[in-house]
Amino acid sequence: MAITKIMCMKSAEYGNVAAHLKHSIAYICNETKTENGSLVGGINCLPDFAYEQMIGTKEMFGQTGGRQ
C-alpha cells in the first residue's frame, strides 16, 4: 500500500532557500524505509538527481523564492 505524506516546505530565512526541499527528498529516499530504494521512483525525474532537477525547473520559471 502506498503512503503519501504532506510536508511543510517553507523557504529558509537565510542561507540555502531550498534546504527544506533537499531534506524532504533525503527523507523520501531513505533506504531503510524503502527496501534499499526499490520503492522510490519518478516520472521524468531520477531520484538521484531529483533535487538538481527541481531547482533547475524553479530557476527556469523564476520561482526561486517564496513557497517551495
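Colleague: How many disulfides are there in this model?

Modeller: The model is a predicted one, and the count comes to 0 disulfides.

Colleague: How do you know that cysteine 29 is in no disulfide?

Modeller: A disulfide needs two cysteine sulfur atoms within 2.5 Å. For cysteine 29 the nearest cysteine sulfur belongs to cysteine 45 and is 9.1 Å away. Seen from the other end, the closest cysteine sulfur to that of cysteine 45 is in cysteine 29, and 9.1 Å is too far for a bond.

Colleague: Is cysteine 29 buried, exposed or partly exposed?

Modeller: Its relative accessibility is 25%. Buried means under 20% and exposed means over 50%, so cysteine 29 counts as partly exposed.

Colleague: What makes threonine 34 buried?

Modeller: The limit for buried is under 20%. Threonine 34 has a relative accessibility of 9%, so it counts as buried.

Colleague: Where is threonine 34 found, and which residues does it touch?

Modeller: Threonine 34 is in the loop between α1 and α2. Leaving aside residues up to four places away in sequence, threonine 34 touches Ile28, Cys29, Leu39 and Val40.

Colleague: Which residues form the largest nonpolar core?

Modeller: That core has 6 residues, namely Ala18, Leu21, Ile25, Ala50, Tyr51 and Ile55. Both α1 (19–28) and α2 (50–60) supply at least two residues of this core. The largest share, 3 residues, comes from α2.

Colleague: What does isoleucine 55 touch?

Modeller: With residues up to four places away in sequence not counted, isoleucine 55 touches Ala18 and Leu21. In soluble globular proteins, nonpolar side chains tend to be buried together.

Colleague: Why are the buried residues of α1 said to line one face of the helix?

Modeller: The buried residues in α1 are Leu21, Ser24 and Ile25. Viewed down the axis of α1, they fall within an arc of 100°, so they line one face of the helix. An α-helix has 3.6 residues a turn, so residues three or four places apart point the same way.

Colleague: What covers the buried residues of α1?

Modeller: The cover includes α2.

Colleague: Why is lysine 22 said to lie over the face of tyrosine 51?

Modeller: The charge must be within 6 Å of the ring centre and within 35 degrees of the ring normal. Lysine 22 is at 4.5 Å from the ring centre of tyrosine 51 and lies over its face, so the pair meets the rule.

Colleague: How many aromatic pairs are there?

Modeller: The count comes to 0 aromatic pairs. To be a pair, ring centres must lie within 6.5 Å.

Conventions. Residues numbered from 1 in each chain as written. Predicted model: local features only at pLDDT ≥ 70, side-chain atom pairs only at ≥ 80, totals over all residues. Heavy atoms only, no water. Core = buried A, V, L, I, M, F, W, Y, C linked by side-chain atoms within 4.5 Å. Buried < 20%, exposed > 50% of the residue type's maximum accessible area, 1.4 Å probe, protein only. Helix = DSSP H or I, 4+ residues; strand = E, 2+ residues; numbered from the N terminus. Contact = heavy atoms within 4.5 Å. Arc of directions from axis to C-beta. Phe/Tyr/Trp six-rings, centres within 6.5 Å; stacked < 30°, edge-to-face > 60°.
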